[in-house]
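Q: Please take a close look at the pockets of this model. What lines them, and where do the lining residues come from?

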Amino acid sequence: MALKLDAKIPSGPLAEKWDKHRFEMKLVNPANKRKYSIIVVGSGLAGASAAATLSELGYNVSCFCYQDSPRRAHSIAAQGGINAAKNYRNDGDSVQRLFYDTIKGGDFRAREANVYRLAQVSVNIIDQCVAQGVPFAREYGGLLANRSFGGAQVSRTFYARGQTGQQLLIGAYQALEKEIARGGVRMYERHEMLELVLVDGKARGIIVRDMVTGEIESHAADAVILATGGYGNVFYLSTNAKGCNVTAAYRAYKKGAAFGNPCFTQIHPTCIPVAGDHQSKLTLMSESLRNDGRVWVPKKAEDCGKEPSQIAEADRDYYLERKYPSFGNLSPRDIASRAAKEACDDGRGVGPGGRGVYLDFADAIKRLGRQAIEERYGNLFEMYQRITDEDPYTRPMRIYPAVHYTMGGLWVDYNLMSTIPGLHVLGEANFSDHGANRLGASALMQGLADGYFVIPYTIGDYLASNKLEKVTVDHPEFTAAKEAVEQRTRRFLSINGTRTVDSFHRELGKIMWEKCGMARDEAGLKQALVEIPRLREEFWRNVRVLGTGEGLNQSLEKAGRVADFLEFGELMCLDALHREESCGGHFRSEHQTEDGEAKRNDERFAYVAAWEYAGEGKAPILNKEPLAFENVHLSTRSYK
Amino acid sequence: MNLTLHVWRQPAPGQPGRIVDYPAPDISPDMSFLEMLDVVNERLIERGEEPIAFDHDCREGICGSCGLMINGAAHGPMKLTTACQLHMRSFKDGDEIWIEPWRAKAFPVVKDLIVDRSAFDRIIQAGGYISAPTGTAQDANALPIGKPEADWAMDNAACIGCGACVAACPNASASLFTAAKITHLGALPQGQPERMRRALAMVDRMDLEGFGGCTLFGECQEACPKGISIDAIMQMNRDYVLASATKVEAKEWSGSA
C-alpha cells in the first residue's frame, strides 16, 4: 500500500507562506492547553527547545533522554557556530541568500518551503539565545562577532569560541530546567524509548526502559515528538557520541512512519584520522578551522613520508584552492571530503596508512600572530594535541573525513509531522532541510528553528484540528507494545552466544563505511545487501549479553541499538542503490563528470525517497515526494 | 604496555562495593583511557564476566558524562583534561591504576563507576537560568555587551557539569559548579533582574542537596577540566551576602530536598 505523501506546503508566494500559514492554523486557547499532554523524546537543541517552549505555552510536557542529564545531549559537541541571516556584516546577506545557499548546498534535494522558513526564523534564534544569556563572541564595541563557514560567501555564522553547540544547548537546557521547576515539564533522565504506541492510527505514547531500574514503562499523551538525532553511528566510527542511535526513529518507521532519504549521510572533511583498531570514535575538528587553515598534500607521492616542514612550497598541492578557486578551503563539506579521499587514493595521503591530509596554519600564524589563532581556535588545538601528541602550532594538523551527520531522517510535512498522525519529528531526526548535503553551522540553526519557532505553532494546529479520545496506558495497544519490548529484552539476554555486541557493531560499521560511505557503487551496495542480513542472522544467534534486565546493563542497551542498526543499514544501502545519481554526500562512482564531480539526474531523481515498512522479511516500499523548484533555478552546483 | 587495574565494583545503589583487580595487558599508548576500559570490558565479556559500568558519551571532553577518580585524582593526572581525553601515553608500562567513582554524599553510586549527579540539575532548577520565554527577545545587537564581560561570562559558562569539582573537594562542596553558573549569568546585563534571587536560591539548594561548604581549599579549580577559576566563588559569595542583606525572598524558589 503506497502512502499518500502530502507535504502540506501552503499556497502563495514563497516569502509569504509561513506568515499565511501561521494565521490559518488553528489555535488552542490558553486555558485548554493545560488539558493536553505532549511527549518529547530527546533533549538536544530540538528536543529541549521544544519541551521548554511548549511548557511555556501551557502544555503538559514529558521529556525523555538516555543521558543522566538533558544537558549532555549530543548537540553539545557542535563546535563551530550557528548561521543566521542577520546581515550584521553588511556583506550582502539576506533571508533569500541563506535560503539559496542552503538549497544549493543541499544539491537541490530539499524542499523549498521548509528551507525558506528556516532562513526566516534564523534571525529570531539569535535574538532568543542572546536573551537567554548565551555568551556569543563579541567585538570590542560590544556587538556580536561573525565568522565564515563552508558553502557561503558571506559571514553569517555566530559562535561561542569552539563550543557553540554547548552554549546553545545550555541555553535551551536552562529554559527546560526553568520549566521543570515550574512543573510544566516532567523530565525522565536515563530513560530510553524502545517503542512507539499507536491508537486508532495516531501516535499516542511510547514504551521506555528505565535504564537504572530496568523497568519497562508506558507513557501516554496526545501527541509525540521525536527529537532523537541522527544515525551516524551505524558506521560504528563517527563523530557522534557513543550513545547516539537510530532506535526511536527506526521503531517509528516500523510502526508506519516513512523514512526519507536514508542514504544521505554527511562525511565531514576535517576529523582526526583513525589511529588504530582500538579506536572507539572519531573526533571532529571544527570546519571553522578552514577559515584560516590551508589544506594540502604533497604533489609527489614519494614526499609523503617526509616531515611537512621539509616539503618545499612548490612541492605542495593546495588542492582545494587549485580546484575550487572561488570557495577554496571553504568549499562545502561533501566536496572537500571527496577531494581529500581522491588525494589519498592517488597515493598522496599523509600519516599512518596514508589516510590523511594536512591542514596548515603556518600562513595564518605569520599573518595574524599566534595569539589571534589561539583566541580563535585554542581549545581545538589543545584537543588535537591531546589526541595526537602533535603540536598544531608548529606542525600542520593531519585530518581525514569521517561520518558526522545524517541528512536523511523520518519524512515530515511542512508542519514537521510524519506519516503517522500525531508523530512529529524535529532536528537531525527528520529529513527536511538539508537535502543531500548540509552546510556547516546549519544543524544548530535547524534544531532550534524546529523547537523554538515551528513546532509550537504547528502542534497546536494538530491538537485543535483532531478530536483525541482520552487514552491511558491500560489500553490494549500499550499492553501489547510493552509485552513486545519485554520479550525482546528477554531474547537478548537468553542468546548467550560467543561474540560481544561491539564486535558486531564494528563489523557492520566496516561494511557500511566501505560500501555505503564516501563513494558507493552498484556492486558494492549489492554485496552489502548480502553481508548485512548474514551478519544480522549471526547476531541473533551468537551475541553475548551478560547480566539481567533488572537494573543498569550497558551491554543490553547497546544490543538493542545495534539490533536496529543491523536492520537500518540495509535500508540505507537499498536507498543508495536505487538512487542512480550522485548528489551532495551521496556519490555513486558510476555517476560523475569527467573531472570527478557529482553528476545529478534531475529528470529521474528530483524527489524525496520516502521508504515505507512493509512487514518482516518484505522489501520496503518506495514512495516519492517530487521536489518542485519554483524559486531557485535547478543548476549544476559549482564552487569553482 | 601492561597495566594492573584496581576498579571499584558495586552492583547497585546502597549495596556494598569493593575494589577488584584486573590485569590489562597489551595496551597501546595511543588509546584513550576509556578505550583502554573498552578493551578490558571486551575481554571480561569474553570470559563471561560482567563488564565495568562507566558513564561516557561524546568522548570529546564536552558532554561531561565521564567522571572517574584515577589514582585519587578527578579525571586523572593531566590538567584541563577529562577522562575521555586522557590518553594512555600518560602512563607507563607496569603501572598500577586505581579507578573509583566520584565520592560525595550528594552523588550516590548507581553502579560500579556511575554516580547519580541529578543534584546538579536541581541546583540549576533553583535559579540557574534567565527567564526569557521564547518569542520575547529584542534584536540581538540592541544590547551591546563589552568583550571582556562577554569573555568572562563565557569562561564560566564553559562548565560541563561533570562533577570533578565536587569529587576533588575535601568537603564535597558544589561551590565551583554553582558559582560558575551564578557568575556566567551575573556577568551579563540580561542576568541582572534575577541576579539576587538566583544567588540565594541556588546556594540554598546546594546546601539542601547535601553538598559540603566551601573552605577555599582550591582543589576544585585544580581538578576542573575546563579551567574554571575559583574567582567565581568569590563572586557567588558577594552576590549571596548582598542578596541576604537585601532580604530577597528566595525560599519559595529553593523548594525542599
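A: In the largest pocket, α11 (370-388) of chain A and α3 (147-157) of chain B each supply at least two lining residues. Helices here are DSSP runs (H or I, at least four residues), strands likewise (E, at least two), numbered from the N terminus. This is a predicted model, in which local features need pLDDT of at least 70, side-chain atom pairs count only at pLDDT 80 or more, and totals for chains, interfaces and linings use all residues. Residues are numbered from 1 along each chain as its sequence is written, and chains are lettered from A in the order in which they are written.

A pocket is an open set of points on a 1 Å grid over the protein atoms alone, where a 1.4 Å probe fits, with protein on both sides within 12 Å along at least five of seven lines; lining residues have an atom within 4 Å of a point. The largest one has a volume of about 1,200 Å³, the space filled by probe spheres set on the points. Its lining comprises 49 residues, and Arg161(A), Gln163(A), Glu375(A), Gly378(A) and Asn379(A) lie nearest the centre. α11(A) provides the largest share, 13 residues. By type, the lining of the largest pocket has 23 nonpolar, eleven polar and 15 charged residues, with Gly counted as polar.

The second largest pocket has a volume of about 700 Å³ and is lined by 26 residues. Among those nearest its centre are Lys510(A), Trp513(A) and Glu514(A). α14(A) gives the most to this lining, five residues. Domain 1 (269-401) and domain 2 (476-607) of chain A both contribute lining residues, so the second largest pocket lies between them; the domain bounds come from an automatic or database domain assignment.

Notes:
Side-chain values use heavy atoms; hydrogens and water are left out.
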